[in-house]
Every structure is written in C-alpha cells, then in structure tokens.
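Hi there,

Here is the structure I promised to pass on to you. Have a look at it first, and then read on for what turned up.

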Amino acid sequence: MDLKIKILKENAVKPEYATKGSAGMDLVAATDGAVTLKSGGRALISTGIAMQIPQGYAGFIFPRSGLAHKKGISMSNCVGVIDSDYTGEIMVSLHNIADHDYIVNTGDRVAQMVIMPIAMADIKIVEELDKTDRGDGGFGSTGR
C-alpha cells in the first residue's frame, strides 16, 4: 500500500517504522521551539506532515509505550483517528500525567501511527436484535 506524505514544515521528519516488525510508524514533533507540558497539562503537537491514507483504511495514533510508562506522557484522547478523507496536518494531542513538567523538543518521537483497514457498516434500524448467550449483560457481566 502506498501512503502519500506531504512535508509541510522544514523541520518535519518523515514517519518511519523503527524495525521491520514494528506495527506503528513513529510520529515526530515539528514544533517551532520547545513546548513545556505542565504536570496535568495538555498540548497539541505539530508533526509538520499531512498524508493521504487510502480509502478503506484509517490511521490510528497511539501513545509511545516507553514515553507513557517512563515519562508519564500519553495522549489526551487515548487514540487519535485519521480518516482517509482528511488531508490536513497531523497533530498529536499529548497529556502529561506525571507529577513534573516535561519538555517536548523538535525531533522528539511523540506518538506512533498504525494504518489499519476499516469496515463501513450498513446501518439498519430494527425492532429486535438476535439472541446471544450474553444478551444485554453489561459491565462485569462476564466476570467470575
């Protein structure tokens, strides 16, 4: 699959897979200087790139596990979704869950993006749903 990337800023870095087995490609900050993420704060981080994701796919932006675990820097929205018809700049909403400030510098890897196929549902309104073993059992209903 071809993924078209447009560089929007001089300091932008093309997304890359860290290893041959990596599911996600690293997204890199292309900020206009250091960004201080205050403890408990959020910031929208520029990547300086736009892309054209093929129809039938979407880009899912996840936190980098090491950054989240070691530094307390995760994503404000848990997972970002980039639709195939969005061609604007890719931004990453970071959240500092640590008890200390954190500096994001240009060139820092801030998130990872996985391209996945998606299915479009044909939505139908019905009077009844099919019976299942679980039925309408909600939160904790399958626990033992």
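Two strands are said to pair here if DSSP finds at least two bridges between them. With that in mind, strand E7 (residues 73-75) pairs with E9 in the antiparallel sense over three bridges, and Met75 sits opposite Leu94 of E9. Please keep in mind that this is a predicted model.

Now for the whole chain. The protein chain has one helix and eleven strands, in the order β-β-β-β-β-β-α-β-β-β-β-β from the N terminus. Among contacts with a separation of 6 or more, 72% join residues 24 or more positions apart.

As for overall dimensions, the radius of gyration is 19 Å, whereas a compact globule of 144 residues would have one near 15 Å. The C-alpha atoms fill a box of roughly 55 × 40 × 30 Å along the principal axes. Of the 144 residues, 31% count as buried. The chain exposes about 9800 Å², with carbon and sulfur atoms supplying 51% of that area. Finally, the mean positions of the 15 positive and 17 negative charges lie 7 Å apart.

Best wishes

Conventions: Residues are numbered from 1 along each chain as its sequence is written. This is a predicted model: local features need pLDDT of at least 70, side-chain atom pairs count only at pLDDT 80 or more; totals for chains, interfaces and linings use all residues. Side-chain values use heavy atoms; hydrogens and water are left out. Helices (H or I, at least four residues) and strands (E, at least two) are DSSP runs, numbered from the N terminus. The radius of gyration is taken over C-alpha atoms; the globule rule is 2.2 Å times the number of residues to the power 0.38. Buried means under 20% relative accessible area, exposed over 50%, partly exposed in between (1.4 Å probe, protein chains only). Contact means heavy atoms within 4.5 Å. Accessible areas come from the Shrake-Rupley method with a 1.4 Å probe; for residues, only the protein chains shown count as cover. Lys and Arg count as positive and Asp and Glu as negative; His and the chain ends are not counted. The place of a charge is taken as NZ of Lys, CZ of Arg, CG of Asp or CD of Glu.
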